[in-house]
Amino acid sequence: ARYDRIPYPLQIESAQAVYGGGKIDVQNLNGAIGKSSFSGITAQIDLAGTPKIGVSSGKSILSLEEIYAWLTSLEKFKAPLQDLKSLQGALALSFMSLQGPLTQPEKWDFRIRAEVERLAMEASMLPGPLVVRAAQLDVTPEKIILQDSQVNLLDASLKVSAGVHGWQQGWNRLEGTFQGNLGAHIMGWAFTYFRVPENLRIRAPLAIRQTRVGWDRRGEIQVSGDLRWPEGPSVAIDLLYNAETLAVNRLLMEDDQSQAEAGLKFHQKELLLNFKGHLEKSTLDRILVKNEFLRGSIRGDFQSRIFIDQPLRSTAQGKLKGVGLGLVLPLKVPLIVNDFSVDADKGRVHVESAALRWDDRHLALGGWLDFSPDGFHLDMDVSVDGLEWAKIEKILKTGDQKTEPVKPARTEIPPLRG
């Protein structure tokens, strides 16, 4: 038999049915719809007023290919499923409850518990077929929960437990835990898809240990977990990013050369930075594809709080030392910081030593910098191996005189004394 709302042949093998009072009660319903089968179904159809259906128990084997084709033919599901190109496999339902208007399946309230026997999915956002070899699945109108699944995509092999919230509205929130291995192909795709800058791209292959990821439609991303490279360093990270805040609450890097913990939080016009331990260039070289952050080593125990629009309120605490850094400050003529050693106490910074290079000249600094409400107080000894006024004059020139002068933004510069 066929029913217009269900686009596949309906076959009833056996059932016990009772009709009375405008209701049909069904027990032990066994049969098939297309390639899907069902057994032990207990249901009730209420024909009074708007016809309603209720299912309280039963087991089924669902053909995902047919379910997908049916759902995409319903107006309510066209938008949420528009990025899904194909879905194949089978679900073994161990529990099912359902109720709602008989002729309006898009309004059904349901609870489904199932095991994924095999599943292959293609979506416009994915670089290839996503294969789920085994998983437990719980589905409601509000969310989809996937547990203990074995997932493969390109050269990624992961054990995943995840939840999708608001899936009927187009995936409002996604959260999950991941464990497994990532190869060069999947990481290369992810870096390109999410537009990760080249200097932030990490090396492959990579092992993931119980990493938790959260994402929502507003663009907030949360990541916490442990990463490890073969015969290389390990990294523990706890990160939050949204439109207002970037917070690296914890970044711990360890290998046979380094043990360092760093943190960063940028919110509105306030920047918090902290560092503890020692970090070598060789460690970052083994983590990053292109290490532009560290050419030497850095060590210490240091915390700072910087107010972008009120720098005189900034404070720092602790000691920090860098050696062989080659850190380039982006000035008109780059200023390169090679070595430094500082000791800070709240609003006072002792520059014990600093070795810099400006153009082809070497500079050495030492002294004090104080932050106070009435300005910066500077007491600094500076030595240089020579200056040529002709070069300084050339650097200070404004450049092409034909260029229209740009009116500078109004910026309040704190007084400098000393």
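This is a predicted model: local features need pLDDT of at least 70, side-chain atom pairs count only at pLDDT 80 or more; totals for chains, interfaces and linings use all residues.

Visitor: How many helices and strands does the chain have?
Guide: Helices (H or I, at least four residues) and strands (E, at least two) are DSSP runs numbered from the N terminus. On that basis, the chain has 5 helices and 24 strands.

Visitor: What percentage of the residues of the chain count as buried?
Guide: Buried means under 20% relative accessible area, exposed over 50%, and partly exposed in between (1.4 Å probe, protein chains only). Among the 418 residues of the chain, the buried share is 35%.

Visitor: Which residues have the most contacts inside the largest nonpolar core?
Guide: A nonpolar core is a set of buried Ala, Val, Leu, Ile, Met, Phe, Trp, Tyr and Cys residues joined through side-chain atoms within 4.5 Å. The largest one has 76 residues. Those with the most contacts inside it are L91, L182, L279 and F340.

Visitor: Is S314 buried or exposed?
Guide: S314 is placed in the loop between β17 (297–307) and β18 (315–323). Its relative accessible area is 8%. Because of that value, S314 counts as buried.

Visitor: Which backbone oxygen does the side chain of S314 reach?
Guide: A polar atom of the S314 side chain lies 3.2 Å from the backbone nitrogen of F307. At 2.9 Å, the side chain also reaches the backbone oxygen of P311.

Visitor: Which residues does L363 touch, not counting residues up to four places away in sequence?
Guide: L363 belongs to strand β22 (residues 361–372). Its relative accessibility is 21%, so L363 counts as partly exposed. With contact meaning heavy atoms within 4.5 Å, and residues up to four places away in sequence not counted, L363 touches A354, A355, L356, R357, W358, V382, S383 and V384.

Visitor: How far apart in space are L363 and V337, C-alpha to C-alpha?
Guide: In sequence, L363 and V337 are 26 residues apart. Their C-alpha to C-alpha distance is 9.6 Å.

Technical notes
Residues are numbered from 1 along each chain as its sequence is written. Side-chain values use heavy atoms; hydrogens and water are left out. A polar contact is a pair of N or O atoms within 3.5 Å; within protein, one must be able to donate a hydrogen and the other to accept it, and residues adjacent in sequence count only if both atoms are side-chain atoms.
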